[in-house]
Amino acid sequence: METEDQRDSTGLKLYLLLLGSKAPGRNVEQHDYFFAIGKSLQELIPRIKAFWPEAGRSIHIDGWREITSVDGHRVRVVLKSEANEVPAKKLFFINLGGYQPGKLEEQHYTVLTVQDDRLAAIQSAKKTVFFRTHSVAGEKGANSHIDEKYGVDVDDIYMIEEILTPEQKDQFTLEITLAENLPEDLVHLGYLTMDKLAKSTI
């Protein structure tokens with residue numbers, strides 16, 4: 001029987017990166033989230049640059065996470081050719097937007113959740129403290145809302161919006177299984193340029 005170590009022998013990881021850039025013509029730094037599969041952050045450099053080409057040399061990482069544990073489920077990247085079956089549950093990324101009185105800015109809160117389908121993922125996101133507390137009474141259009149709804153999977157099961165590149169969707173799939181006592185994923189924060197990343201061993 002195949003062991004857990006053997007299943008992870010490919011070394012493939014699902015990464016979530018918070019990217020920043022002072023793009024040309026912008027007054028403040030812009031941010032976006034980037035999902036990719038690779039064996040290391042260094043390996044992702046060409047994909048990061050291709051994802052946000054207009055950022056030029058200003059593109060950098062403000063934080064990152066290797067996704068292995070979500071909502072009591074273990075998340076693994078496997079080759080599509082070696083996948084045992086299509087997982088019943090899916091991994092969703094949801095970006096919530098909302099407002100606070102007197103602040104001329106939109107607040108954001110991101111949610112990673114394992115659910116059966118898109119509707120269940122949205123309902124889960126609406127239960128967060130952020131969703132319940134970031135509406136401004138009396139302001140038309142100032143309710144908390146879901147800006148973007150993404151199905152994070154390398155299969156074409158949920159046509160919500162593809163996050164991974166078509167090439168990665170063709171090669172990989174996610175194995176999502178219930179598991180107990182999983183450690184929480186580490187969130188790494190800090191300014192990291194592509195030049196520094198290229199010289200690192202992350």
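A residue is called buried when its relative accessible area is under 20%, exposed when it is over 50%, and partly exposed in between, with a 1.4 Å probe and protein chains only. The model is predicted, so that local features need pLDDT of at least 70 and side-chain atom pairs count only at pLDDT 80 or more, while totals for chains, interfaces and linings use all residues. Residues are numbered from 1 along each chain as its sequence is written, and side-chain values use heavy atoms, with hydrogens and water left out.

Strands (E, at least two residues) are DSSP runs numbered from the N terminus, and two of them pair if DSSP finds at least two bridges between them. Three strands, in the order E4-E5-E9, form an open sheet with antiparallel pairing. Because E4 (69-70) and E9 (172-178) stand at the edges with a single partner strand each, one side of each is left without a neighbour in the sheet. E5 (residues 73-79) pairs with E9 over seven bridges, and two facing positions are listed here.

| Residue | Opposite residue in E9 |
|---|---|
| Val 75 | Ile 176 |

E9 is mostly covered, five of its seven residues being buried. A nonpolar core is a set of buried Ala, Val, Leu, Ile, Met, Phe, Trp, Tyr and Cys residues joined through side-chain atoms within 4.5 Å. The largest such core has 18 residues, of which Leu 14, Phe 35, Ile 67, Leu 91 and Leu 112 touch the most other members. E9 gives the most to this core, with three residues. A second, separate core of 17 residues includes Leu 19, Leu 44, Ile 48 and Trp 64.

Notes
Helices (H or I, at least four residues) and strands (E, at least two) are DSSP runs, numbered from the N terminus.
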